[in-house]
Amino acid sequence: MTELTMPLIKPFRGLRPAPGRAGDVAAPPYDVLSTAEARVRANGKPWSFLHISKPEIDLPANTDPYAPEVYAKAASNLKAMLDQGILQRDDKDCYYAYRLTMGSHVQTGLVAAAAVADYDSNRIRKHELTRPDKEDDRVRQIEALGAQTGPVLLAYPNSHAADALIATASGGQPDADAIAADGIRHQIWVVRDTALIGQISRIFDAMPTLYIADGHHRSAAASRVAAARRGNAAAQHFLAVIFPHHEMKIMDYNRVVKDLNGMSETDFLARSSERFAIEPSASAVHPAQPGVFGLYLPGRWFTLTVKPELIPHADPVARLDVSLLSDNLLGPVLNITDLRRDKRIDFVGGIRGLRELEQRVDSGEMAAAFALHPTRMTELMAVADAGEIMPPKSTWFEPKLADGLVSHVLD
């Protein structure tokens, strides 16, 4: 057992769709759709969880998404789904096995309430900075609902014992089974067996650490709510889905830039060749290994390989491909040094494919595109273990968790 007075994770009485309702309720995470996209997605779907996670879609089009009436609308929509029996709460504390299937990729994890104290002490480790305005938004949402509805995506290090327990928990017929609009299959198994619950709790509590993969603003908001609700035991935990790190899928997070910093393509390639070996490619370049990049200029692809002596192997942040590109090309050649604020750069998730990069350049919107090798989970964990911060837009996780399949009520 850990020295902390609270176990790393615990079961809880989940708020879930009633039998047969998972497909009506499940929705993409609140932060992957714009308000306009959410309106379209929720059209004709009165029980979509978007009415709770993006409640501005039920208010006039010019409504500020951070206005008080938006959070009030989320609360009233949640109440309506409870009153109509669309959402129901389990009568005892449970864990929940959660399987995501995207094509041939399958990952199975555990829905649990994770200890805020372990987040605060960095046993649950971070790798991103947060923005106060986004934290404020999540705090207001949690307080308005009296519940955490957006799960934090966590990873656990190698544990054959945990893998085996989750495999046991996800045997038999699922309690919920839904295929989302994007084709991702979401399955939930309720873990009610007291002995299995105890085994899961003990195995996880013996782990030295967990890692936040996605959901830094949700976990930071949960910490603030916990501090404000010291007397509320449920608020001392946050909703999480925890997967084995080796099953998680990170896709490439690519870059497109608006201009070549006043250079011709010839001059740009010459400058870039000071730090990269550059070879023309007859086809689109999807880098097969770290240190290799695809470059697309109008009508033509190149392979860029960073010169080996420029890779700082001992530095877990500087050796990342996203850092190598920034430190050796985006910054010194293109004068793009602030990825968070510079309007000359944009980012394209790998789920959109390399054709998206070609289209944005060939349309004239962008001058060049860079395809990256995906960041690996082991790299993310090394950065978190070092107490460092990853550069912006380093990871694109797929498949995404659904909102609404299991929520954590703070009562």
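## Strand 11 and its partners

Let's start with a pairing: strand 8 (residues 152-156) and strand 11 run antiparallel and are joined by 3 bridges. Within it, Leu154 has Ile212 of strand 11 as its bridge partner. Strand 6 (residues 124-125) also joins strand 11, this time running parallel, through 2 bridges; here Arg125 is partnered by Tyr211. Strands count as paired if DSSP finds at least two bridges between them. They are DSSP runs (E, at least two residues), as are helices (H or I, at least four), numbered from the N terminus.

Strand 11 (residues 210-214) is mostly covered, with 4 of its 5 residues buried, meaning under 20% relative accessible area (1.4 Å probe, protein chains only).

## About the model

This is a predicted model, where local features need pLDDT of at least 70, side-chain atom pairs count only at pLDDT 80 or more, and totals for chains, interfaces and linings use all residues. Residues are numbered from 1 along each chain as its sequence is written, and side-chain values use heavy atoms, leaving out hydrogens and water.

Now for an open sheet: its 6 strands come in the order 15-17-16-19-14-18, with antiparallel pairing. Strand 15 (276-281) and strand 18 sit at the edges, each pairing on one side only. Strand 15 is joined to strand 17 by 6 bridges, and Ala277 stands opposite Thr305 in strand 17.

## Helix 12

The buried residues of helix 12 (residues 354-362) are Leu354, Leu357, Glu358, Arg360 and Val361. They line one face of the helix, because they fall within an arc of 165° seen down its axis, going by directions from the axis to the C-beta atoms. Just after helix 12, Gly364 takes a positive phi of about 90°.

Key
Buried means under 20% relative accessible area, exposed over 50%, partly exposed in between (1.4 Å probe, protein chains only).
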